[in-house]
Amino acid sequence: MGRPTVDIIVPVYNTGSVIERCVESIVSQLGIRETHYNIILVDDGSDSETCAHLNKLQELYNVSVVRHSSNRGRSAAINTGVSKGSSDTVIILDADCIWASKIVFNSFLSKVLDDGYEICFGLTSATGQGFWQRLNAEVCKKRAKGEISRQTTANFAITRSSLEKAGKFSEDYKGYGFEDKDLIARLSKMGLKYCVNPSCLAYHDVSSTDIYIVSKKYFEAGRITAQKFNEKHPEAYRKTMYSLFDSEHRSIVTKVILDILVLGLPLLMASTSYSLKSNVIPFLVKKCFVNATLILSFYKGTKSRQSLD
């Protein structure tokens, strides 16, 4: 029997120098286990700065760079990488993530190749004591409990046959969010053997995270991708927190209350931004500000769907 084959796919979009640290964290541990591997970086229409870093990586390491002429979204980038590869095992790592230790690659393969798992979810956290770092660490602890609906594909391994049988990532999700939930919803119906492995930890770079950027993404999710997910997986959508703040799922009274609160969203967002910069305001208070801002941004997005019709 020949050496096991692995495709490591990294979707890239406007990450700047972060992609270098991502790839370095991969390359640094590939010799631990005897495998034939391909590192496939898919440039999803990035800016010139990111392209320069990708060119540098091609010169330094044995990596393949596949380029999209325009931004087609994370799903399309991953699917392009899957199509370019042919290995039995596929590992996906987002470009703004860095493997946290030297055992992540081997830990993924141990679960998939040795223990027979068809899916192995890694975890993503963040280092540091800033608000976004602490929030990421909280989410990581919740995902470590193993519930499949909570997981993400930012750092995970899957057999090629399982991914292809599921139909790969849906490219219907053009905006932010829900492409993960869509794939996981389909995989969960297939009865595949999966695990969540805390040893497969990646650190998410949140250094540039900003409440205005995140709220814009939540607005986009409410306006576009949440509706798409609801159409495809209504039962799964109803179980999410998002459905609680979807205007199409709320009573008239609830919508009136939320409509009034949305009027104050600009002020709330400014207050949230201020609180996040403060060293005096407690983490829990900041978290309340952030949650309120993102909930209202998402709800506002669901209300704006009529402009798409």
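Which residues are linked with Arg74 in a network of salt bridges? In this predicted model, local features require pLDDT of at least 70 and side-chain atom pairs count only at pLDDT 80 or more, while totals for chains, interfaces and linings use all residues. Residues are numbered from 1 along each chain as its sequence is written, and side-chain values use heavy atoms, with hydrogens and water left out. The network joins Arg74 with Asp94, Glu179 and Asp180. A salt bridge is defined here as a side-chain nitrogen of Lys or Arg within 4 Å of a carboxyl oxygen of Asp or Glu. By this rule the count comes to 19 salt bridges.

Another of these contacts is formed by the side chains of Asp7 and Arg160, with an N to O distance of 2.8 Å. Asp7 belongs to strand β1 (residues 5–12) and Arg160 to helix α6 (residues 160–165), so the pair ties together parts that are 153 residues apart in sequence. Helices (H or I, at least four residues) and strands (E, at least two) are DSSP runs, numbered from the N terminus. Asp7 is buried, its relative accessible area being 0%, and Arg160 also counts as buried, at 10% relative accessibility. The term buried denotes under 20% relative accessible area, exposed denotes over 50%, and partly exposed lies in between (1.4 Å probe, protein chains only). Arg160 takes part in a further salt bridge, with Glu164, at 3.3 Å from N to O. These two residues are four apart in helix α6 and are therefore separated by about one helical turn. Glu164 is partly exposed, at 45% relative accessibility. In helix α7 (residues 179–188), Asp182 and Arg186 are likewise four residues apart, about one turn of the helix. Their side chains meet in a salt bridge of 2.7 Å, N to O, and both residues are buried.

The pairing of strands was examined next. Two strands are taken to pair if DSSP finds at least two bridges between them. Strands β1 and β4 pair in the parallel sense over four bridges, and the bridge partner of Asp7 in β4 is Val90. Strand β4 is joined to β7 by five bridges, and these two strands run antiparallel; Ile91 stands opposite Ala157 in β7. Five of the five residues of β4 are buried, so this strand is largely enclosed by the rest of the structure. In a regular strand the side chains alternate between the two faces of the sheet. Both faces of β4 are covered, with Thr89, Ile91 and Leu93 buried on one side and Val90 and Ile92 on the other.

Strand β8 (residues 194–204) is joined to strand β5 (residues 97–99) by three bridges in an antiparallel arrangement, in which Ile98 stands opposite Tyr203. With strand β6 (residues 119–125), β8 pairs in the parallel sense over six bridges, and Ile119 stands opposite Tyr194.

A nonpolar core is a set of buried Ala, Val, Leu, Ile, Met, Phe, Trp, Tyr and Cys residues joined through side-chain atoms within 4.5 Å. The largest such core holds 31 residues, of which Ile19, Ile26, Leu41, Ile91 and Trp99 touch the most other members. Helix α4 (residues 104–114) gives the most to this core, with five residues. Apart from this core lies another, of 25 residues, among them Ile78, Ile92, Ile158 and Leu201. Contact is taken as heavy atoms within 4.5 Å. Neighbours within four places in sequence aside, Ile26 is in contact with Ile8, Val10, Ile39, Leu93 and Trp99.

The buried residues of α4 are Val104, Phe105, Ser107, Phe108, Leu109 and Val112. Their cover includes β1, β4 (89–93), β5, β6, β7 (155–159) and β8. The helix is followed by Gly116, whose phi is positive, near 80°.

Cys140 lies in helix α5 (residues 131–143) and counts as buried at 10% relative accessibility. Cys140 and Ser125 are 15 residues apart in sequence, and their C-alpha atoms are 5.6 Å apart in space. When neighbours within four places in sequence are left aside, Cys140 is in contact with Leu123, Thr124, Ser125 and Leu201.
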